[in-house]
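Me: Please take a close look at the nonpolar core of this model and the helices packed around it. Give the cut-offs as you go.

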Amino acid sequence: YKPVVDGVANDIDEIETQVFDGDAQVSRRIYELNREVIEFERAVTPLIQIIDTLSNGFADGYVGDTLQQYLRDVADHAVQTKERVEEFRLLLRDILAVNTSLVGQRQSEESRNLSEASNRQAIETRKISGWAAILFTPTLIAGIYGMNFTFMPELSWQFGYPFAIGLMVVSGIILYVIFKRRGWL
């Protein structure tokens, strides 16, 4: 099982690199490797019991010293492999938790960036709306005076034209001051 253990350890190292590089497919790979580790554990766990049974002897209960020594050696390797498999499962669980945390951080950053962009857009929209309102008022006044009514009192008044221009300027300044105080401009 040594080559398999080494291969799984190598895969875990690669997955750790992928997690910190921000690879989007790493979660799937973690789950797949975790499934392989579980299958590996199912293959290794029964070996310990089988080796213990063999070490206790066959029907006559006798096991030679040389065979006993080999069985102990194999049992040690099986126990070490099982312990490594358990370590792999814990490590994969921790890697998955770290990956989930990093994905959450990236989503939070993206959400913050979108929120900031939305705020900037709202500020620009308010500025445009403020300037549109400032420009609308003189246009309205000019439009009314441009209708050429015969019975407008200001038409026969000597200061009618300067009054209309002044009204446009004053209304624009008032709207500018109001919008500036509210932070729209």
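Reply: The largest nonpolar core has 18 residues, and I15 and I30 are those with the most contacts inside it. A nonpolar core here is a set of buried Ala, Val, Leu, Ile, Met, Phe, Trp, Tyr and Cys residues joined through side-chain atoms within 4.5 Å. Buried means under 20% relative accessible area, exposed over 50%, and partly exposed in between, with a 1.4 Å probe and protein chains only. Two or more residues of this core come from each of α1 (2–21), α2 (26–55) and α3 (65–145). Helices (H or I, at least four residues) and strands (E, at least two) are DSSP runs, numbered from the N terminus.

The model is predicted: local features need pLDDT of at least 70, side-chain atom pairs count only at pLDDT 80 or more, and totals for chains, interfaces and linings use all residues. Residues are numbered from 1 along each chain as its sequence is written, and side-chain values use heavy atoms, leaving out hydrogens and water.

Not counting residues up to four places away in sequence, I30 touches I15, V19, L92, I95, L96 and N99, where contact means heavy atoms within 4.5 Å. There is also a second, separate core of five residues, with I51, V63, L71 and A75 among them.

Next, the helix packing. Two packed helices are described by the angle between their axes and the distance between the axes. Axes are lines fitted to C-alpha atoms, for helices over the stretch in contact, and angles run from 0 to 180 degrees between N-to-C directions. For α1 and α3 the angle is about 10° and the axes are 10 Å apart, so α1 is roughly parallel to α3. Angles under 35 degrees count as roughly parallel, over 145 as roughly antiparallel, 65 to 115 as roughly perpendicular and the rest as oblique. On the α1 side, the contact is made by V5, V8, A9, I12, I15, E16, V19 and F20. Its α3 side consists of T81, R84, F88, L91, L92, I95, V98, N99, L102 and R106. I15, V19, L92, I95 and N99, which belong to this contact, are also among the residues that I30 touches.

The axes of α2 and α3 come within 9 Å and cross at roughly 160°, and the two helices are therefore roughly antiparallel. The crossing is left-handed, a term used if the near helix is turned anticlockwise from the far one by less than a right angle, with right-handed used if clockwise.

E41 lies in helix α2 and is buried, with a relative accessible area of 14%. Leaving aside neighbours within four places in sequence, E41 is in contact with P46, K82, V85, E86 and R89. By contrast, A24, in the loop between α1 and α2, is exposed at 69% relative accessible area.

Finally, the aromatic rings. Rings of Phe, Tyr and Trp (its six-membered ring) pair if their centres lie within 6.5 Å; planes under 30 degrees apart count as stacked, over 60 as edge-to-face and the rest as tilted. The count comes to three aromatic pairs. W131 and Y176 have ring centres 5.9 Å apart and planes at 45°, so this pair is tilted. The pair joins helix α3, which holds W131, to helix α5 (residues 160–181), which holds Y176, across 45 residues. W131 is partly exposed at 43% relative accessible area, and Y176 is partly exposed at 35%.
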